[in-house]
Amino acid sequence: MAIIEVKVPQLSESVAEATLLAWHKKAGDAVARDENLVDVETDKVVLELPAPAAGVLVEIVKGDGSTVVSDELIARIDTEAKAGAAAPAAAQPATAAPAPAAAPAAAGSAPLAMPSAAKIMAEQGVNPANVAGTGRDGRITKGDALAAGSAPTAAPAAAPAAKPAAKPAAAPLAEVKAQVNLQFLGERPEQRVPMSRLRQRVAQRLLESQSTNAILTTFNEVNMQPVIDLRKKYGEKFEKEHGVKLGFMSFFVKAAVYALKKYPLVNASIDGTDIVYHGYFDIGIAVGSPRGLVVPILRDADQKSFAQIEKDIATFGNKAKEGKLSLEELTGGTFSISNGGIFGSMLSTPIINPPQSAILGVHSTKDRPVVENGQIVIRPINYLAMSYDHRIIDGREAVLSLVAMKEALEDPQRILLEL
């Protein structure tokens, strides 16, 4: 017998502990080298823990939902054993609350579902107990949930027509959904689920930001017509040349860097009683993900082309959806941009992402009446909002930096010529 210990990977200095989200193998299963054994959730990302060697998972020391720290032992692999050879006592750790995955689901109970499947069923009002899982040990997969959601709903033959359906068992959702399923509205349903580590961390940082920063927000409006015209003129050629669409975010990033160079204090941060001026421009881009808001960092944004910025932002978006963002990609940053416009927001006051001192909020671009040369005309207007830490940034620097962003967007040539 050759036993290899499976331990929690080394976490970053800013991450004290993590949670084991879900084991993809059970005791007694054969595993291949580098096969994902368990998802490890920190307050920033979800990490996949690969098997260090091929063999049989003979013992799971820490079960689903366990809190762990760096280098903690969570399982053992026997590199010489055969599948199914695990000791009965090791089949399910004492810390794991659910029954063994191989046991059939009790009548009327909800079978285990993958997080993506649980989300789809919650959105479409599908009762998990009525879905046949085709995944390992009967788990409901994303495909099962999609198929169940598209199938016509029919009342069970055995249930009396006049009797209301029994309240469905709650599926293990990855996030609480704000929407209410109307078919269950009369029963006033509730579901209690623990906050993810990411959501807990976001909540903590937002409270810290508001309690430790003197946050003030300044607003301005920008005529987006020059940017729109530029995208119309070169958008098709840009995409053919670079393989990515020319979006609005690259203009906002370039405009922000343009302004930060003029007013370095907005790119600075507080460290105790010192002000740290950063000679680089690492821009955080707020991205929504199934687990919550994350802010990956666009490093050295001043040195990147429009095409590279668009490619990096697209990569961040895809990684966020798949939960593949690394700790390095989420660490640092000197200034952030939050785009509520993609959700239809007209105006908002963004909250600073510590230890940064300012954040730009951009919103929906809408046709609005404005006055130009004494005439009322219609222009595509976007409202910009910049929140800043008034402890180090005075109103003058804040207002002028936002005006500089406005000028760069209304006259994009300024960005190229650095005027």
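User: Let us begin with accessibility. What is the relative accessible area of Lys-62?

Analyst: Please note that this is a predicted model, in which local features need pLDDT of at least 70 and side-chain atom pairs count only at pLDDT 80 or more, while totals for chains, interfaces and linings use all residues. Residues are numbered from 1 along each chain as its sequence is written, and side-chain values use heavy atoms, with hydrogens and water left out. A residue is called buried under 20% relative accessible area, exposed over 50%, and partly exposed in between (1.4 Å probe, protein chains only). Lys-62 has a value of 21%, so it is partly exposed. Across the 419 residues of the chain, 41% count as buried.

User: Which residue meets the side chain of Glu-72 in a salt bridge?

Analyst: A salt bridge requires a side-chain nitrogen of Lys or Arg within 4 Å of a carboxyl oxygen of Asp or Glu. Glu-72 is paired with Lys-62, at 3.4 Å from N to O. This pair links distant parts of the chain, 10 residues apart: Glu-72 belongs to the loop between strand 7 (67–68) and strand 8 (73–78), and Lys-62 to the loop between strand 6 (55–60) and strand 7. Helices (H or I, at least four residues) and strands (E, at least two) are DSSP runs, numbered from the N terminus.

User: How many salt bridges are found in the whole structure?

Analyst: The search finds 15. One of them joins Glu-5 to Lys-7, whose closest N and O atoms are 3.7 Å apart. Glu-5 is partly exposed because its relative accessibility is 41%, and Lys-7 is placed in that class by its 40%. Another bridge connects Arg-414 with Glu-407, at 4.0 Å between the closest N and O atoms. Through shared partners, salt bridges join Glu-407, Asp-411 and Arg-414 into one network.

User: I turn now to the helices. How many residues does helix 7 have, and how far does it reach?

Analyst: The expected span of a helix is 1.5 Å times one less than its number of residues. Helix 7 (residues 395–410) has 16 residues and reaches 22 Å from its first C-alpha to its last, close to the expected 22 Å. The chain as a whole has eight helices and 19 strands.

User: Which residues of helix 7 are buried?

Analyst: An α-helix has 3.6 residues a turn, so residues three or four places apart point the same way. In helix 7 the buried residues include Glu-397, Ala-398, Ser-401, Leu-402, Met-405 and Leu-409.

User: Which residues touch the most other members of the largest nonpolar core?

Analyst: A nonpolar core is a set of buried Ala, Val, Leu, Ile, Met, Phe, Trp, Tyr and Cys residues joined through side-chain atoms within 4.5 Å. The largest one here has 57 residues, and Ile-283, Ile-285, Phe-335 and Ile-337 touch the most other members. Helix 5 (residues 249–262) gives the most to this core, with 10 residues. Apart from it lies another core of 18 residues, among them Leu-20, Leu-49, Ala-51 and Ile-74.

User: Where is Asn-353 found, and is it buried or exposed?

Analyst: Asn-353 is in the loop between strand 16 and strand 17. Its relative accessible area is 19%, so it is buried. Pro-355 is found in that loop, and the peptide bond from Pro-354 to Pro-355 is cis, with omega near 5°.
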